[in-house]
Amino acid sequence: MHNIKTPLVRGAMLVLVITIAITSSAINFETDPTPGDKLRKNEIKARAARDFKGRYPNIENERWYRYRSGFSAKYSQNQVLSNVYYDRMGFYITTIRYYKEKNIPAELKDAIYDNFNGYTIISATEVITPKESAFHFNIKNKARLKTVKISETILEVTGDYKNGDPDIE
């Protein structure tokens, strides 16, 4: 066994250790994307990628992102923007879809207009979880703003507010 006692050898070893530490630290900063950065296919958890393709086999234009809590895949189809969320291990959490009024399913739009005469739809969001699928609508008239949830066949008002600007129609 060799005993490293000479100052020259100890100095050279110290420089080598510091160089390796700096190099490996720099590599980690360059390859680890910051939260919200777009990911390449090989940076996505395999479980999440497989689940996504199983749920949405016809979607090929998705963009993947990393967040502190996991991953998301974003895509647009028929002018509906969708975000699919996964945890850090690649397990499915939820899908959120954002609709323009012209793309809302007709039976849901009719239910809103039949139950809320004189209201217009501001926005519609579909939230899909493993336990439930529901549409959330923000609607308004001159006097009121309402949030309405439609889940299966149940329609409920989840928020009712005075419209602060009566000139808004």
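The model is a predicted one. The protein has three helices and nine strands, and they follow one another in the order α-β-α-β-β-β-β-α-β-β-β-β. Of its 169 residues, 31% are buried.

**The protein as a whole**

- Among contacts with a separation of 6 or more, 33% are between residues 24 or more positions apart.

- Let's start with S2 and S3, which are antiparallel and pair over five bridges.
- Two residues link S2 to S3 in a hairpin.
- Within this pairing, Arg66 has Phe71 in S3 as its bridge partner.
- S3 also pairs with S4, again in the antiparallel sense, this time over eight bridges.
- Here Lys74 is found opposite Asn83 in S4.
- The hairpin of S3 and S4 has two residues between the strands, and Asn78 in its turn has a positive phi of about 55°.

**A closer look at Ser82**

- Where does Ser82 lie? Ser82 belongs to strand S4, which spans residues 80-87.
- With a relative accessible area of 2%, Ser82 is buried; the cut-off for that label is under 20%.
- The side chain of Ser82 reaches the side chain of Arg97 in a polar contact of 3.5 Å.
- Beyond its neighbours within four places in sequence, Ser82 touches Ala73, Lys74, Tyr75, Ile96 and Arg97.

**Aromatic residues**

- How many aromatic pairs does a search of the whole structure find? The search finds nine aromatic pairs.
- In one of them, the ring centres of Phe52 and Tyr56 are 5.2 Å apart with the planes at 50°, so this pair counts as tilted.
- Phe52 and Tyr56 are both buried.
- Tyr56 also forms a tilted aromatic pair with Tyr75, at 5.7 Å centre to centre and 50° between the planes.
- Tyr56 has a relative accessible area of 11% and is buried, and Tyr75 counts as buried at 4% relative accessibility.
- One aromatic cluster takes in Phe52, Tyr56, Trp64, Tyr75, Tyr86 and Tyr92.

- As background, an α-helix has 3.6 residues a turn, so residues three or four places apart point the same way.

- S6 (residues 120-128) and S7 (residues 133-140) are antiparallel partners, paired over eight bridges.
- The hairpin of S6 and S7 has four residues between the strands.
- Val127 has Ala134 in S7 as its bridge partner.
- S7 runs antiparallel to S8 (residues 144-151) as well, and seven bridges join these two strands.
- Three residues lie between S7 and S8, which form a hairpin.
- Opposite Asn138 stands Thr147 in S8.

- Asn163 has a relative accessibility of 6% and so counts as buried.
- Which backbone oxygen lies 3.0 Å from a polar atom of the Asn163 side chain? That backbone oxygen belongs to Asn141.
- The backbone oxygen of Lys142 is 3.5 Å from a polar atom of the side chain of Asn163.

How values were computed:
Residues are numbered from 1 along each chain as its sequence is written. This is a predicted model: local features need pLDDT of at least 70, side-chain atom pairs count only at pLDDT 80 or more; totals for chains, interfaces and linings use all residues. Side-chain values use heavy atoms; hydrogens and water are left out. Two strands pair if DSSP finds at least two bridges between them. Buried means under 20% relative accessible area, exposed over 50%, partly exposed in between (1.4 Å probe, protein chains only). Contact means heavy atoms within 4.5 Å. A polar contact is a pair of N or O atoms within 3.5 Å; within protein, one must be able to donate a hydrogen and the other to accept it, and residues adjacent in sequence count only if both atoms are side-chain atoms. Rings of Phe, Tyr and Trp (its six-membered ring) pair if their centres lie within 6.5 Å; planes under 30 degrees apart count as stacked, over 60 as edge-to-face and the rest as tilted.
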